[in-house]
Amino acid sequence: MSVKEATGGDAGIQSPEEAPAEGSVNEPANEPGVQAKPAKSAKGDSRTDMVGKALGLLVLLGDEPRGASASDLSRRADLPFSTTYRLLGSLTRDGFVDYEPDGRRYHLGLRIFQLGQRVSNHHGFAGTALPILRRVTEQSGEATILSVRDGIHHLTVNKVDGPQTFRVTSDPGHLGALHTTAVGKALVAFAEDSERERLLAELPLEPLTEVSITDRAQFRAEIDKVRRQGYAVMDEENELGMRAVAVPVFNSQGVAFASLATAVPVFRLSLEALVALVPLLQDAAAELAARLPQR
């Protein structure tokens, strides 16, 4: 994701390099009993300091659910604008921060969430959703999957397997295609208008099976259908022998910030029987929308 925000000046903000050197303020040079601290490597200090500044920006962004501009972050972090802008560019490039061009604001990226998943899968976003996913699986008897969009992929954030021996392989942290999956189609169909149009025009439509949609006009027609009916289906387009149905999880603006799906092997449920689970998924999605942190 590219960063377009123009840089500004550093007037009035003192950089660490301009601050008084350690030990030079109100410290007598020859005070008895006080041993001078050994000099540190300036290069090592600089690298450590940059890491600390970058982490500080991430902490600040964590307190801003609607995002923040580079100038806001610069002021709150007490950093030069050029330093803040450069660090945000690096964090955006590596997926730790997302940049919203329309609002010229930065948000925490999904890379942060992925790291959090690895530390503790039962806290935060995934932990809040888990009881709801378990209830859906108890009622459907099949696997339930919660996903969010990560660029041109969907990211599985949590999953509850059904009681059957056949196991769905989309585990938390899995990145999958948007155009071949039910969760992905739901995320595209109910994205913001401008983002949906961008995905419809630019999303790679690579085939994963012989029935994957690879024609752009056909994909647009599929997304229009998803918007009309309020749910998406996948019938062996992503993996032979598997089908799924998914519904969007809406934020307060009516945009999907996640999608919820039931996935089954084709020998166990027909497409019609799978679609019959849509009301169950929609009720669960409404509960998730009320409980989950919205992006």
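Modeller: Helices here are DSSP runs of H or I with at least four residues, strands are E runs of at least two, and both are numbered from the N terminus. This is a predicted model, where local features need pLDDT of at least 70, side-chain atom pairs count only at pLDDT 80 or more, and totals for chains, interfaces and linings use all residues. Residues are numbered from 1 along each chain as its sequence is written, and side-chain values use heavy atoms, with hydrogens and water left out.

Colleague: Which residues of α8 are buried?

Modeller: Buried means under 20% relative accessible area, exposed over 50%, and partly exposed in between, using a 1.4 Å probe and protein chains only. In α8, Phe219, Glu222, Ile223 and Val226 are buried. Seen down the helix axis, they fall within an arc of 95 degrees, so they line one face of α8; the arc is taken from the directions from the axis to the C-beta atoms. Exposed Ala217 and Arg228 sit on the face turned away from that buried side.

Colleague: What do the buried residues of α8 pack against?

Modeller: Contact means heavy atoms within 4.5 Å. The partners are α6 (182–189), α7 (193–202) and β6 (232–235).

Colleague: And what can I look for at the helix ends?

Modeller: At the start of α8, a side-chain oxygen of Asp215 comes within 3.2 Å of the backbone nitrogen of Ala217. Just after the helix, Gly230 has a positive phi of about 85 degrees.

Colleague: Which residues touch the most other members of the largest nonpolar core?

Modeller: Such a core is a set of buried Ala, Val, Leu, Ile, Met, Phe, Trp, Tyr and Cys residues joined through side-chain atoms within 4.5 Å. The largest has 30 residues, and Leu133, Leu146, Val245, Val247, Val249, Leu260 and Leu288 touch the most other members. Helix α10 gives the most to this core, with 6 residues.

Colleague: Where does pLDDT stay under 50?

Modeller: pLDDT is the predictor's confidence in each residue, from 0 to 100. It stays under 50 over residues 1–44, while the protein's mean is 81 and 77% of its residues reach 70 or more. Where pLDDT is low, the predicted coordinates should not be read in detail.

Note on methods:
Polar contact = N/O pair within 3.5 Å; in protein donor to acceptor, adjacent residues only side chain to side chain.
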